[in-house]
Amino acid sequence: MKIISICPSNTEIAAYLGLTSSLMAVDNYSDWPEEVKTLPKLGPDLNIDMDQVEELKPDLVLASLSVPGMERNIKELEKRNIPYVIVPNPTSLKELAECMLFVGKATNREAFAKEWVDKFYQLLETYRDLSNQVENPKKIYWEWWAKPIFTPGASNWLTEMSTLAGGINIFQDHPEASIQTNWEEVIQRNPEVMCIVWVGVQKERINPNLILNRPHADQIKAIRDKELYILEEPLFCRPSPRLLVGLQKLGSLLHPQLYPPFDEQKDPFIGI
């Protein structure tokens with residue numbers, strides 16, 4: 001099957017299903033696994049070169065509506081009669097597992113996807129058991145955009161990941177998936193841990209001083225205790241199986257005495 005992915009998370013789902021060799025081309029932001037970096041690039045996910053997609057004659061395009069504006073891609077795919085599926089946009093880890101099954105069915109990898117999902121739930125159960133052993137969950141502030149400040153609310157996988165890693169998202173009292181807030185509110189809630197993952201920005205490009213130099217930053221316990229972490233955005237902000245790698249990293253940061261040490265070279269789902 002000849003496949004095109006026009007969204008980074010879909011590219012990663014395809015890779016976990018063993019479909020990397022079937023990918024013909026990807027959007028500009030798809031950067032994992034390493035093999036996709038040499039594939040033809042079709043432009044940013046909000047401005048896909050549909051002429052190039054049409055010329056490649058794929059058997060299937062893995063499309064998405066996870067970002068406003070992506071509906072233009074769907075209209076063009078329909079207009080040109082290019083076969084496609086819209087991969088659902090998950091807000092929870094359970095919905096992520098359902099996305100794997102969805103893509104597995106669409107690409108004739110259903111049995112493999114079911115095997116992956118079984119292992120996925122086993123890992124979640126392991127982390128749920130570990131989280132139940134945490135006596136004092138750490139209060140976490142997530143920042144995934146800086147100006148204005150945006151942070152995840154209750155209906156967001158980062159809240160679920162926080163709990164499984166032995167933490168509490170300090171904005172989980174808001175039901176939304178994403179909340180616009182302000183620095184004064186962050187100071188007031190006084191997190192014990194700060195996790196900075198600006199969407200679409202590489203970890204290396206985020207200077208911690210941009211946070212440390214904010215007004216009254218030294219009033220926050222996380223900063224006083226040096227628990228400010230700049231994290232890899234793809235492991236926390238993309239709805240793909242790599243969120244489980246992010247979960248492993250988060251657990252090891254919050255409770256290193258209880259959770260397994262994090263090994264960035266080790267992925268629990270590679271080679272299943």
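The model is predicted. Its open sheet has four strands in the order β2-β1-β3-β4, with parallel pairing. Strand β3 (residues 60–64) is largely enclosed by the rest of the structure, because five of its five residues are buried. Helix α4 (residues 93–106) and helix α5 (residues 110–132) have axes that come within 8 Å of each other.

**The sheet**

- Strands of a sheet pair through backbone hydrogen bonds, in either a parallel or an antiparallel sense.
- In the open sheet, the order of the four strands is β2-β1-β3-β4, and the pairing is parallel. The edge strands are β2 (23–26) and β4, each of which pairs on one side only. From one strand to the next, the twist averages 25°.
- Strand β1 (residues 3–5) is joined to β3 by three bridges in the parallel sense. Within this pairing, S5 stands opposite L62 of β3.
- Strand β4 (residues 84–87) runs parallel to β3, and four bridges join the two. The bridge partner of A63 in β4 is I86.

**Burial of strand β3**

- Buried residues are those with under 20% relative accessible area. Five of the five residues of β3 are buried, so the strand is largely enclosed by the rest of the structure.
- L60, L62 and S64 point one way from β3, whereas V61 and A63 point the other way. The residues on both sides are all buried.

**Helices α4 and α5**

- Two packed helices are described by the angle between their axes and the distance between the axes.
- The axes of α4 and α5 cross at roughly 165°. Angles over 145 degrees count as roughly antiparallel, and α4 and α5 are therefore roughly antiparallel to each other. Their crossing is right-handed.
- On the α4 side, the contact is formed by L93, K94, L96, A97, M100, L101, G104 and K105.

**Residue I6**

- I6 is located in the loop between β1 and α1 (8–16). I6 has a relative accessible area of 3% and is buried.
- I6 and L62 are 56 residues apart along the chain, yet their C-alpha atoms are separated by 6.4 Å.
- Not counting residues up to four places away in sequence, I6 touches D27, L42, D45, I48, M50, V61, L62, A63, N73 and L77. Among these contacts, V61, L62 and A63 belong to the buried residues of β3.

**Residue T159**

- T159 is placed in helix α6 (residues 157–164). T159 is buried, with a relative accessible area of 7%.
- When neighbours within four places in sequence are left aside, T159 is in contact with G153, A154, N169 and Q172.

Note on methods. Residues numbered from 1 in each chain as written. Predicted model: local features only at pLDDT ≥ 70, side-chain atom pairs only at ≥ 80, totals over all residues. Heavy atoms only, no water. Axes fitted to C-alpha atoms, helices over the stretch in contact; angles between N-to-C directions. Parallel < 35°, antiparallel > 145°, perpendicular 65-115°, else oblique. Left-handed = near helix turned anticlockwise from the far one by under 90°. Contact = heavy atoms within 4.5 Å. Buried < 20%, exposed > 50% of the residue type's maximum accessible area, 1.4 Å probe, protein only. Pairing = 2+ DSSP bridges.
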